[in-house]
Amino acid sequence: ELRPGWVYKKIALCRSLIALNMREEAIGIINALPQSLNPNILTLRSWKANQTGDIETAKDIWKQQKSIHFIPQIKAINPDILHRKDENSILCKQNEIRLITAIRNEKWRLPWFLDYYRNLGVDRFFFIDNASTDGSGDFLRAQSDVHLFWTNQSYFESKSALRWINHLVREYPTDGWVIYVDVDEALVFPNIENSNLRRLTDYMEYKHEEVLPAFMLDMFGDKAQNSDVDTTFDFFNDYKLFNNNYTFTPVENCPYFKANGGAMRQIHPAQMLAKTPLIRDQRGIEFLQSSHRISPSKVSKISGTLLHFKLAGDFRSAFKEESKNIDRGGCQKRYTDFNNYFEKNALGTLTDKTTMLYQSSQQLIDLGLIKCPDEFWNYPE
């Protein structure tokens, strides 16, 4: 049973059982695995602990795993990588909701993005400007609730910004909550039209939940538009179509599911869509693959979505420009697929028999795309 071939076959079998939602059978396989420091076995044991409600054991296994194996996404950065560019007071306020993100030449999105999350209840923003040349930095420095950090380190070297993001989470802790989203994403959760982030986080804290699971719902419009920085964009009205063709599959890594589908599926089928955009701070939670994968945590029974406005503005030019700034790896392959698709196809080819008009969070609940326990509806304001 210590033969490597046997072990890897059992690991593969266990992953298949998890994907088929055969939970008890998967746990039986894990119990039969040898005691080992193999990272795949440690991950499966952590999954088992989480599934049986033993969150602390799952976290202890993660601590053991990262003490043994090199994980570059969480490696500390040199002090001269991120340069503070704002003069706003950064003293911690009690029970804050903070948003952290990284940008490069996204000025045309910033007014909409800030307004959306301010209205949702974000108290402060932490932006990492990756050497923008479009005036994004000047715009953000003028915002009283924004802390701005500048870097010219390559996106690839930063492990897709994760070393920057994890650094800020560690360096500036709060006793509240942290949102990590991209500037083309709008978080939506049940009853958002009549509620806000504070009610959601209060409920999650009441339930001792640490992260909100979500997935990227690719939005698109019926015509391309320019990214004119002097224009006020209304993403919800201009890009209100989505394809209701999503599937959700259990996996062994937190948030313990993967999502496939959407308008981007025919462009780049390998696109990762599951995310955890909201986490409880000071719980040792670390981002490992954007927010697609994080360290073991207690996942909320509520789920949300990120309306993903990647196909907004002059996105064809943006894809070509972005592909020049990405060094290598999966990100480069993704943008190559994007460029190749739109060189051959018009925007209208994204529409199919599953295309729908976005209406509300209740619509997404009715479609089975997001979840909401009955208890949340009765939780007091």
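Visitor: Where does Asn95 lie?
Guide: In this predicted model, Asn95 sits in the loop between strand 1 (83-84) and strand 2 (97-103).

Visitor: And what's its phi?
Guide: Phi of Asn95 is near 55°, a positive value in a residue other than glycine. Asn95 is partly exposed, at 24% relative accessible area.

Visitor: OK, what about Tyr256, buried or exposed?
Guide: Tyr256 counts as buried, with 11% relative accessibility. Tyr256 is not a glycine either, yet has a positive phi of about 70°. You'll find Tyr256 in the loop between strand 9 and strand 10.

Visitor: Which peptide bond is cis?
Guide: The one from Cys254 to Pro255, with omega near 15°. Pro255 is in the loop between strand 9 and strand 10 (257-260).

Visitor: Switching to helix 1: which residues are buried there?
Guide: Val7, Ile11, Cys14, Leu17 and Ile18. They cover an arc of only 125° around the axis, so they end up on the same side of helix 1.

Visitor: What covers them?
Guide: The cover includes helix 2 (23-32), helix 3 (39-51) and strand 9 (247-250).

Visitor: How do helix 1 and helix 2 cross?
Guide: Their axes come within 8 Å and cross at roughly 160°. Angles over 145 degrees count as roughly antiparallel, so that is how helix 1 and helix 2 run relative to each other. The crossing is left-handed.

Visitor: Which residues make the contact?
Guide: From helix 1, Trp6, Lys10, Leu13, Cys14, Leu17 and Ile18; from helix 2, Glu25, Ala26, Ile29, Ile30 and Ala32.

Visitor: And what comes just after helix 1?
Guide: Asn21, which takes a positive phi of about 65°.

Definitions and conventions:
Residues are numbered from 1 along each chain as its sequence is written. This is a predicted model: local features need pLDDT of at least 70, side-chain atom pairs count only at pLDDT 80 or more; totals for chains, interfaces and linings use all residues. Side-chain values use heavy atoms; hydrogens and water are left out. Buried means under 20% relative accessible area, exposed over 50%, partly exposed in between (1.4 Å probe, protein chains only). Helices (H or I, at least four residues) and strands (E, at least two) are DSSP runs, numbered from the N terminus. The arc is that of the directions from the helix axis to the C-beta atoms. Contact means heavy atoms within 4.5 Å. Axes are lines fitted to C-alpha atoms, for helices over the stretch in contact, and angles run from 0 to 180 degrees between N-to-C directions. Angles under 35 degrees count as roughly parallel, over 145 as roughly antiparallel, 65 to 115 as roughly perpendicular and the rest as oblique. A crossing is left-handed if the near helix is turned anticlockwise from the far one by less than a right angle, and right-handed if clockwise.
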